[in-house]
Amino acid sequence: MAAARSVLNFQSFTSQALSADDVHLIESSVEQFGAPLLLLDCDIVRQQYRALSAALPNVTLHFALKPLPHPVVVRTLLQEGASFDLATTGEVELVAQEGVPAERTIHTHPIKRDADIRDALAYGCNVFVVDNLNELAKFKAYRDEVELLVRLSFRNSEAFADLSKKFGCSPEQAVNIIEMAKEWNIRIKGLSFHVGSQTTNPQKYVEAIRTCKGVMEEVVARGLPALSTLDIGGGFPVNYTKQVMPIDQFCLPINEALAELPETVQVIAEPGRFIVAQCMMSVASVMGQAERDGQMWYYLDDGVYGSFSGLIFDDAQYPLVTLKQEGERVPSVLAGPTCDSIDVIAEDILLPKLDNGDLIVGRMMGAYTSATATDFNFFKRAQTVVFNELAENSERMIG
Ligand SMILES: *Cc1c(COP(=O)(O)O)cnc(C)c1O
């Protein structure tokens, strides 16, 4: 579904009420398409991509599709000149469908089936990630076609998702993998890491970059071919209910650490959340209500099995607002539509008395929301309405 150019206020960290324009747009979208909805603003995708590009001027950004694998996001970023980070055959198919040149992609799942490798290669993506010898051995058959990144692990208990518990190797193991690759005639392009999603402390990147620099030096010292690429992963933070550092400031120490690398090293990154978290708003409507133990419970047509799945899978807390502003606010409960008791979106949230049909808006609903939604209990996922697909001053480049 597409809607005309809009002026939706997708601002993130704010307890502000929605503007009159927003309210009009939200109400007219619900009138037209029904609820629940996700409103996706491509201008925010552009804005975030440009902000991170400016904050990391010497880094090629590969958008990680995982948090929001939507075709319109791929199209928008392709027009912006972005590159892409793929992890599955489904993601390969999506970028192929949208005409993304394969040279602009890397495949970063550390653990792959042979078919995953073949599908990516058939498309033309030839950069892959390994973090152990078992995985490296899978590439003996493709040694003439591929270049590999070795993924290191840096634990981070503060992140929403500490991806280094599940993936990555130690610096010593990385050197072993690189030695074995030489023996097996497999090209190693460089190193990668992911410091954890929604990492709010830039020093995590700085430490990881320094360790990788050490591994690169060790590789040269052992007479192995010098590494040409460092992939600093994703993890860049956004404002949910707590404010994080502005992205320019966040990236300053990262850029300083990157400047210590040899000039021959190309740096790339795999941002996901930062690019898309802010670009979607959710709109749910009250389908019923009950007073329980003296508190009002409002049952919405979207919940943790739907767009709010990130409450479970992602640790995120989304800023929520009601369209209705008047009336005394009392602690209330917002619940999802399914018959399961875990399906509660917010407890003790201050709300005015709501009527059935009233709308609740969630902000910062772009990353790891619809991507992990289900149709549990046959409650259909929210439909997505796309705004501002055409950039204001540019022609649409691809279909
Ligand atoms: C999920 C993921 C990303 C994106 O991470 P964000 O924290 O959303 O920026 C990047 N790279 C890999 C390998 C991932 O698994």
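The confidence that the predictor assigns to each residue is called pLDDT, and it runs from 0 to 100. For this protein chain the average pLDDT is 93, and 94% of the residues score at least 70. The model is a predicted one, in which local features need pLDDT of at least 70 and side-chain atom pairs count only at pLDDT 80 or more, while totals for chains, interfaces and linings use all residues. Residues are numbered from 1 along each chain as its sequence is written, and side-chain values use heavy atoms, with hydrogens and water left out.

Over residues 393–399 the pLDDT stays under 50, and for this stretch the model has 10 contacts (heavy atoms within 4.5 Å) beyond four places in sequence. Where pLDDT is low, the predicted coordinates should not be read in detail.

An unreviewed UniProt entry annotates residues 45–277 as "domain: Orn/DAP/Arg decarboxylase 2 N-terminal"; such annotations are given in the numbering used here with shortened feature names, and may be inferred rather than shown by experiment. Across residues 45–277 the chain is 40% helix and 15% strand, with the end C-alpha atoms 9 Å apart, where helices (H or I, at least four residues) and strands (E, at least two) are DSSP runs numbered from the N terminus.

| Residue | Relative accessibility and class |
|---|---|
| Asp131 | 9%, buried |
| Ile312 | 43%, partly exposed |
| Asp144 | 70%, exposed |
| Cys339 | 74%, exposed |

Asp131 is in the loop between β5 (127–130) and α6 (133–137), and, leaving aside neighbours within four places in sequence, its contacts include Pro110, Arg151 and Phe167. The C-alpha atoms of Asp131 and Phe167 are separated by 7.2 Å, although the two are 36 residues apart along the chain. Asp144 is in the loop between α6 and β6 (147–151), and its C-alpha atom is 7.6 Å from that of Ile186, 42 residues apart along the chain.

Cys339, where the unreviewed UniProt entry places the feature "active site", is in the loop between β13 (330–335) and β14 (344–351). Ile312 belongs to helix α11 (residues 310–313), and together with Phe313 and Ile342 it forms a nonpolar surface patch with about 310 Å² of accessible area. Patches are made of residues with over 30% relative accessible area and no salt bridge, like charges being joined within 9 Å and nonpolar side chains (Val, Leu, Ile, Met, Phe, Trp, Tyr) within 5 Å; a salt bridge is a side-chain nitrogen of Lys or Arg within 4 Å of a carboxyl oxygen of Asp or Glu. Accessible areas come from the Shrake-Rupley method with a 1.4 Å probe, and for residues only the protein chains shown count as cover.

Key
Buried < 20%, exposed > 50% of the residue type's maximum accessible area, 1.4 Å probe, protein only.
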